[in-house]
Amino acid sequence: MKESEFQEILPSKLSGSTLNKQGRIEKDTEFWEFLLMIGFGNVSLTEELYQRLRQQIAPEDWRFPLLKIGESRFLSLRGREFESYTQLGKASSMIFSQSNFPRENIRLELISLYDYVITLHNDKIRNLPVNLSALYSGKHLTTNSHFKLAFDFQIARILVRGHGYPIGHIINALRKLETHNLNIPTCIGYRTIGIIAKNRQEYNLAHEFFDGAIAMARQMDLNVYVNQTHNARAIAYYSQGKIELAEQTLLKIIPDGPLDPILPILGENLALIAEKRQDPDLAVEHIKKALDVALQLDSVSRLPGECLYLGDIYRDHYGDLAQAEYYYKLGFDHSQRYAEHGISLTGDRKKVTDAYLKISRAAKATVVGGGSPAKIDHFSFAGGKPWKEIKDIFQYQLILHHTDANSNSKRMAKKLGLPASTLYSIQNRLKSRGYQLPARGEAPPGETHELQTYLNTHTDLSWDEVNQIFEREMIHYLYEKYGYNKHRMANILDLSYPSIIDKTRELTRIDAHFLAN
């Protein structure tokens with residue numbers, strides 16, 4: 001479909017046109033390429049465009065699903081993979097339910113565009129096997145000759161990658177994109193072929209195509225693809241055993257801000273190098289930084305695997321089961337949320353789910369079987385107390401626990417991963433409720449609370465991490481103590497029944513005793 005057939009989707013200032021990297025208007029561009037490829041060069045301009053389109057296109061408008069597909073593509077490019085997936089879901093429900101399209105061929109073109117984008121996004125987040133039939137169907141539905149070439153390239157990629165076709169098959173598809181001056185798909189294609197050649201251990205060919213991708217990306221000022229190709233090349237060097245070259249290549253990556261989606265991938269690969277050099281502490285540091293960004297982006301493809309890595313290394317290398325459970329639980333929660341929205345529980349999402357369920361059941365079996373009464377000893381103070389008081393006691397003891405080693409409040413705040421102002425507010429809240437905190441230079445009270453031995457096993461956790469672990473274990477303990485009766489538990493803890501339901505929901509997933517009552 002030519003851009004002229006879709007003029008009415010754009011504000012009048014942009015109708016009949018597309019944008020070059022400087023934001024100026026250029027004529028005679030295929031609209032599908034404009035829609036799918038904006039955002040590579042000028043993020044702020046793209047965000048401004050979509051904001052204007054959202055103001056002008058109502059949800060009942062036939063153009064709204066096209067807007068959702070475009071937004072999804074942009075979100076995916078920015079690493080916001082879960083949000084991208086949900087936008088595609090909205091587009092799908094509208095495309096297949098609306099009947100107000102001006103012409104039938106417009107509806108078919110939208111289905112074609114949806115088939116293309118959802119197939120690529122599912123492949124990116126490793127959601128189900130790649131759907132070749134959707135690509136063949138989409139190619140059949142579109143009348144846009146350039147879009148057909150894009151479909152041909154993706155079909156060739158899947159056939160070469162997973163069906164044993166020779167690499168020349170996808171190279172031929174790339175040359176057709178190149179011949180028709182489809183520059184951004186060509187740039188992407190060069191990198192894609194480099195990765196396929198690397199996977200086949202054809203390293204000279206891989207580096208040849210990486211060179212082509214970087215040259216094109218620099219010519220078009222597409223830093224996102226310069227970075228991604230540096231990353232792909234670094235992996236090739238790593239596979240060749242050239243660790244120094246791999247690290248040097250990764251260090252060429254220049255992120256575009258603190259939430260650049262390249263950062264989780266960069267952290268994972270730097271961790272591999274640290275692990276190769278037998279430096280697990282540095283590997284953990286890299287993965288934690290990667291996970292911090294992945295959590296903010298809600299990255300379906302990166303987050304579960306990073307949680308799995310940290311859980312495994314804390315369990316197997318450090319022997320810290322509490323930390324291992326924390327990261328397995330984090331990956332489990334996100335994987336379950338993704339599954340609730342239709343994303344398959346496969347790959348790392350399944351592995352981290354299985355790891356969490358296994359470690360949780362093992363911990364419960366130890367307590368039930370009498371192997372370790374420590375949890376009961378640690379938490380016996382909570383009997384009969386409301387939840388607010390239990391949390392206050394824990395946080396008071398947590399601050400006392402860190403007072404010896406970190407008598408300076410700023411150092412303590414840094415150790416706990418809190419802003420100094422937040423720690424100050426917590427201390428003031430506790431003082432207002434009658435908890436006496438030592439003045440600067442004073443030793444903590446001489447009497448040792450039962451929680452201190454519990455905290456000895458969690459010394460290196462941040463404030464948020466240790467509070468989450470404590471709350472989960474305490475709720476588990478109290479649920480057993482009060483006979484698995486949520487109403488009784490809510491009454492004693494002075495919490496609403498819905499609040500108790502929320503707090504025990506994870507337990508109902510893993511233990512047959514925790515049934516509704």
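Modeller: Two residues are in contact when heavy atoms of theirs lie within 4.5 Å. The model is predicted, so local features need pLDDT of at least 70 and side-chain atom pairs count only at pLDDT 80 or more, while totals for chains, interfaces and linings use all residues. Residues are numbered from 1 along each chain as its sequence is written, and side-chain values use heavy atoms, with hydrogens and water left out.

Leaving aside neighbours within four places in sequence, Ala 134 is in contact with Asp 115 and Thr 119. Ala 134 sits in helix 6 (residues 132–141); helices (H or I, at least four residues) and strands (E, at least two) are DSSP runs, numbered from the N terminus. The relative accessible area of Ala 134 is 11%, so this residue is buried. Buried means under 20% relative accessible area, exposed over 50%, and partly exposed in between, with a 1.4 Å probe and protein chains only. Tyr 116 is 18 residues from Ala 134 in sequence, and their C-alpha atoms are 7.5 Å apart in space.

Now the whole protein. It has 25 helices and two strands, and 54% of its 517 residues are buried. Among contacts between residues at least 6 apart in sequence, 64% join residues at least 24 apart.

Next, the core. A nonpolar core is a set of buried Ala, Val, Leu, Ile, Met, Phe, Trp, Tyr and Cys residues joined through side-chain atoms within 4.5 Å. The largest one has 69 residues, and Ile 390, Phe 470, Met 474 and Leu 478 touch the most other members. Helix 23 (residues 463–481) gives the largest share of this core, nine residues. In soluble globular proteins, nonpolar side chains tend to be buried together. Helix 23 is largely enclosed by the rest of the structure, because 14 of its 19 residues are buried. From first C-alpha to last, helix 23 reaches 26 Å, close to the 27 Å expected at 1.5 Å a residue; the expected span is 1.5 Å times one less than the number of residues. Beyond its neighbours within four places in sequence, Ile 390 is in contact with residues including Phe 470, Met 474, Leu 478 and Leu 493. A second, separate core of 32 residues includes Leu 149, Ile 188, Tyr 190 and Ala 232.

Last, two helices side by side. The axes of helix 7 (residues 145–162) and helix 9 (residues 183–199) come within 11 Å and cross at roughly 5°. Helix 7 is therefore roughly parallel to helix 9. Axes are lines fitted to C-alpha atoms, for helices over the stretch in contact, and angles run from 0 to 180 degrees between N-to-C directions. Angles under 35 degrees count as roughly parallel, over 145 as roughly antiparallel, 65 to 115 as roughly perpendicular and the rest as oblique. Phe 153, Arg 157 and Val 160 in helix 7 meet Gly 189, Thr 192, Ile 193 and Ile 196 in helix 9. Helix 9 is also among the elements that cover the buried residues of helix 10, and those buried residues include Phe 209 and Phe 210. Just after helix 10, Asp 221 takes a positive phi of about 60°.
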